[in-house]
Amino acid sequence: MDSAKEQLISLVGQENVQDAHKSLEAYAMDQSFAPEMKPRLVVRPKSVQEVQALVRWANDTRTPLIPVSSGSPHFHGDTVPGVPGAVMVELFLMNRILNIDRRNKMAVIEPGVTFEQLQPELAEEGLRVNMPLLPRRNKSVIASLLERQPTTVPRYDYSLTEPLRNCGVVWGNGEITYTGEAGNMPLSLEEQWNKGVFQVDPKGPAQTDFFRLLTGAQGSMGIAVWASIKCELLPGARKLFFVPAERLEELVDFSYRVQRLRLGDEVMLLNRSLFAKMLAAAGEPSGLSEEGLPPWVMIIGVAGRAHFPEERVEVQEKDIDDVAKQFNLTLQTEIGGISGERVLEIILNPCSEPYWKQKHKGAFQDIFFLTTLDKIPQYIEVVNKTAGEIGYPSSQIGIYIQPQHQGVSHHCEFNLPFDPQDTEEKERVKEMYFRASEELIERGAYFSRPYGIWADMVYRRDASSAAALRKVKSIFDPRGVMNPGKLCF
């Protein structure tokens, strides 16, 4: 038996160490264009103590570790080994909901907890957690937050890391830290809860937001073993509206005004192609024609909570309608034969299997970045121009724009579907992915989550930041065992 396997069995048990060909092949590649590389072993720790023992073992043996908390499929190359001999650390067995505190609207969960698991438990307490748009059912809540996937309710985004607050983390050197206010008290979580501390404030220890070293790091700094998450009250009344437009520019000022007034909960903008794909993937009639949908639609969900929920919805509807009229736009409860109630039902839940973006052609690539809404039309021109040069139909490009941080910034995403069996189309999308990304960065698009080839594009333009990140990495992961080969490390 492999000596490494023997050692790992002694740490986590024989049933939680896998080296079967099928298990290893599952991580050798994903849905991205990352180079294929098979890991050495797959392990499944069950506790914080086992995670810490694994990281210390990795330091002693100089073995690369790649933490994974979401089920397949994966899309960005961050879980594909970047160096030989890596061990995948699956966190699926650490799937406990540790605490739900309704008074402070907080939940503390382990990394294996998924959206599908968490939302029903929160609903029993009259709470919910804000989700990304149609996450897959086996998506880890903590992984989604650490990746800074945009949530659909911008007015509750007080920073780009919301609703993540505190973390328990095993750093790459094997040491455990509690971040935020949890780290300001030398107590266990249970002792903190008994003393009325519920891990709300993200600052700490010593007023330093250490959890930010984990966000967007692709598992290259340490392993989060629990996190506290800010929740919201379940609405007592809801309604969803559509604002159609022929051009995105018609919605820009309206969107800014609505968000400045803090109107609406769910707010997002979709082009016709992506809206149609979302509806089709949710089981709407296959005969639904894109021609029946407007080129652009802004979706606005309105909710009323606690006191006078119906009245709150009614007042917001009137206010949004008044603002829409100021910009010569119309507020609608139905579009293309689809009701607002049906779309609300779709976006409030994880998507069915397979993942909704795969249903159209079987595979896809997304190009996404942060920017401001007023600049997005010029980025659309860049992508359409690149598509024309390569011969990819621009009509197939889906566009998703998600306001974040109360509308201060916007997540802009271009969806490029393709048939994975069509070699020519796959190569065309690959070329477009590279060329468009490079051009968008040149034009000022901020790739805040630099997966794969984006890391080189981003960091070779900012050598000082790359050097600073490497220095921070050397402090928290001095032997470089955490997901080496990712980001600029």
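I began with F447 and W454, and both are buried. Buried here means under 20% relative accessible area, exposed over 50%, and partly exposed in between, with a 1.4 Å probe and protein chains only.

The model is predicted, so I noted its limits: local features need pLDDT of at least 70, side-chain atom pairs count only at pLDDT 80 or more, and totals for chains, interfaces and linings use all residues. Residues are numbered from 1 along each chain as its sequence is written, and side-chain values use heavy atoms, with hydrogens and water left out.

**Entry: aromatic rings**

I looked up the ring pairs and found 19 aromatic pairs in the structure. F447 and W454 form one that is edge-to-face, at 4.8 Å centre to centre with 75° between the planes. The criterion is that rings of Phe, Tyr and Trp (its six-membered ring) pair if their centres lie within 6.5 Å; planes under 30 degrees apart count as stacked, over 60 as edge-to-face and the rest as tilted. I also noted one aromatic cluster, which includes F447 and W454 along with F33, F368, F369, Y379, F414, F418, Y433, F434 and Y451.

**Entry: nonpolar cores**

I then listed the cores, each a set of buried Ala, Val, Leu, Ile, Met, Phe, Trp, Tyr and Cys residues joined through side-chain atoms within 4.5 Å. The largest has 54 residues, and those with the most contacts inside it are F254, I367, I397, F414 and L440. Helix α11 gives the most to this core, with 7 residues. Another core, of 28 residues, lies apart from it and has A4, L54, W57 and L91 among its members.

I took I367 for a contact list, contact meaning heavy atoms within 4.5 Å. Leaving aside neighbours within four places in sequence, I367 touches C412, E413, F414, L416, M432, Y433, A436, S437, L440, F447 and W454.

**Entry: D366**

D366 lies in strand β17. Helices (H or I, at least four residues) and strands (E, at least two) are DSSP runs, numbered from the N terminus. Is D366 buried or exposed? D366 counts as buried because its relative accessible area is 9%. With neighbours within four places in sequence set aside, D366 is in contact with K357, E413, F414, N415, L416, Y433 and W454. I also checked D366 against I397: they are 31 residues apart along the chain, and their C-alpha atoms are separated by 9.8 Å.

**Entry: helix α11**

I checked the length of α11, residues 376-390. The expected span is 1.5 Å times one less than the number of residues. For the 15 residues of α11 that gives 21 Å, and the end C-alpha atoms are 21 Å apart, so the two agree.

The buried residues of α11 are I376, P377, Y379, I380, V382, V383, T386, A387 and I390. They pack against α7 (249-260), β14 (296-304), β17 (363-371), β18 (398-404), β19 (409-418) and α12 (423-442). G391 follows α11 and has a positive phi, near 95°.

In α2 (residues 21-28) I found S23, L24, Y27 and A28 buried. Seen down the axis, these fall within an arc of 145°, so they line one face of α2; the arc is that of the directions from the helix axis to the C-beta atoms. H21 and K22, on the other side of α2, are exposed. The buried residues of α2 pack against β1 (17-18), β2 (41-43), β3 and β4.

Two strands pair if DSSP finds at least two bridges between them. β1 and β2 run antiparallel and are joined by 2 bridges, and V17 stands opposite V43 in β2.

**Entry: backbone exceptions**

Most residues other than glycine have a negative phi, and most peptide bonds are trans. I looked for departures.

- The S72 to P73 peptide bond is cis, with omega near 5°; P73 sits in the loop between β3 (65-68) and β4 (87-90).
- The G204 to P205 bond is also cis, with omega about -5°; P205 is in the loop between α6 (189-194) and β10 (222-230).
- K105 has a positive phi, near 55°, and counts as partly exposed because its relative accessibility is 23%.
- A306 has a positive phi, near 50°, and counts as exposed at 60% relative accessibility.
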